[in-house]
Amino acid sequence: MAALLDIRDLTVQYDGHRVLDRVSLAVRAGEILGVIGETGSGKTTLARAVAGLAPVRSGRIDFAGTELTALRGRALRAWRRTGALQYVFQDPLRALDPQHTVATAVGEGLAVAGALAAPEIAARVEGALARVGLDPDLAGRRPGEISGGQRQRVLLARALAVGPRLLLCDEPVSALDASNRNHVLRLLAGLRDTGVTVVVISHDLSSLAGIADRVAVLYGGRLVEHGPIGDVLTAPRHPYTALLAASSPSVRRSRPIPAASLRGRGDRSAVPGGCSYAGRCPFATGACDAAPELSTVDGDRAVACHRAAEWPALVQVES
Ligand SMILES: Nc1ncnc2c1ncn2[C@@H]1O[C@H](COP(=O)(O)OP(=O)(O)OP(=O)(O)O)[C@@H](O)[C@H]1O
């Protein structure tokens with residue numbers, strides 16, 4: 001399947017500190033890709049880089065044949081006006097203007113594009129609210145007058161109103177209670193059927209397990225594993241992914257690997273430029289002082305671990 005979004009060797013640096021290190025990842029048209037990693041692993045930075053909001057030091061990002069990393073000035077503004085790629089921010093309260101009504105917020109992108117008359121914008125806003133399951137009566141309210149779950153849906157409606165091809169959702173459910181979380185996750189899953197490609201960022205594997213087709217795992221600014229979510233969760237090839245899966249009750253396998261056997265004893269320290277996980281990895285060896293390359297395994301999967309070929313025997317031997 002063709003990649004809608006193709007990220008190659010992306011490196012992002014803040015104040016001399018590498019936050020993303022040579023990340024390569026393709027998002028296929030029509031899929032839901034989950035991006036998982038602990039706090040500080042670079043998930044938000046990845047989304048921000050794709051949205052043109054992070055300082056890309058090297059590498060390139062292509063979207064449907066357009067090299068985004070080469071766009072400047074007028075060309076960049078014209079590309080943004082297409083609305084093809086929408087970034088749904090992590091914090092709805094901060095992302096929404098407290099003075100704007102729901103209708104104004106949702107219609108904002110359409111008004112900026114400037115091509116539609118007011119009645120058409122109103123009709124699109126109504127359609128977008130219906131699409132995310134929000135009562136049209138909320139249209140006149142302000143962000144402070146609706147619930148957190150409703151605010152999250154307003155952000156989604158705003159992004160959907162402009163007809164994007166790709167949605168980048170940053171932690172869309174982390175602030176929600178269980179019922180709102182399920183609602184928003186179902187909504188995202190349903191977008192796939194309407195031809196919208198979705199990237200969902202989360203630090204919570206169980207949120208992704210039910211909806212994502214594939215998953216990409218970040219650790220310390222590096223992509224350590226990616227592949228179809230079922231395969232990656234049931235038969236992880238990277239020790240960090242294995243620990244994530246073993247620590248997540250809802251995705252645990254019938255014969256789970258004990259999480260304790262996947263936790264490092266801290267007897268090796270990570271070397272600058274080496275494997276980002278070596279300092280926490282119970283299986284690290286001298287080879288891990290050099291960063292492992294991301295290599296294809298089993299056709300559709302990739303893993304960056306010097307010992308990937310030794311799984312699953314590695315766990316049984318060492319535990
Ligand atoms: N604007 C910035 N200036 C300097 N450092 C930054 C900036 N934005 C992010 N960082 C650093 O980059 C690293 C990755 O941050 P990022 O927000 O991408 O992580 P994350 O995986 O999304 O974490 P979280 O789950 O907490 O949102 C962190 O060490 C963070 O401090």
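**Helix packing, sheet and ligand shell**

Helix H5 crosses helix H6 in a right-handed sense; a crossing counts as right-handed if the near helix is turned clockwise from the far one by less than a right angle, and left-handed if anticlockwise. This is a predicted model, so local features need pLDDT of at least 70 and side-chain atom pairs count only at pLDDT 80 or more, while totals for chains, interfaces and linings use all residues. Residues are numbered from 1 along each chain as its sequence is written. Helices (H or I, at least four residues) and strands (E, at least two) are DSSP runs numbered from the N terminus.

H5 spans residues 118–131, and its axis sits 8 Å from that of H6 at an angle of about 130 degrees. Axes here are lines fitted to C-alpha atoms, for helices over the stretch in contact, with angles from 0 to 180 degrees between N-to-C directions. The pair is therefore oblique, the label left over once angles under 35 degrees are called roughly parallel, over 145 roughly antiparallel and 65 to 115 roughly perpendicular. On the H5 side the contact (C-beta atoms, placed from the backbone, within 7 Å) uses Arg124, Val125, Ala128, Leu129 and Arg131, and on the H6 side Ala157, Leu160 and Ala161. By class, that makes six nonpolar, no polar and two charged residues. Ala, Val, Leu, Ile, Met, Phe, Trp, Tyr, Cys and Pro count as nonpolar, Asp, Glu, Lys and Arg as charged, and the others, Gly among them, as polar.

H6 (residues 148–161) also meets H7 (residues 178–191), with axes coming within 10 Å and crossing at roughly 15 degrees. These two helices are therefore roughly parallel, and their crossing is right-handed.

Two bridges tie S4 (residues 56–63) to S5, and Asp62 has Glu67 of S5 as its bridge partner.

Residues around the ligand (C-beta, placed from the backbone, within 6 Å) include Tyr14, Asp15, Lys43 and His203. The shell comprises two nonpolar, eight polar and two charged residues.

Methods: Pairing = 2+ DSSP bridges. Contact = placed C-beta atoms within 7 Å.
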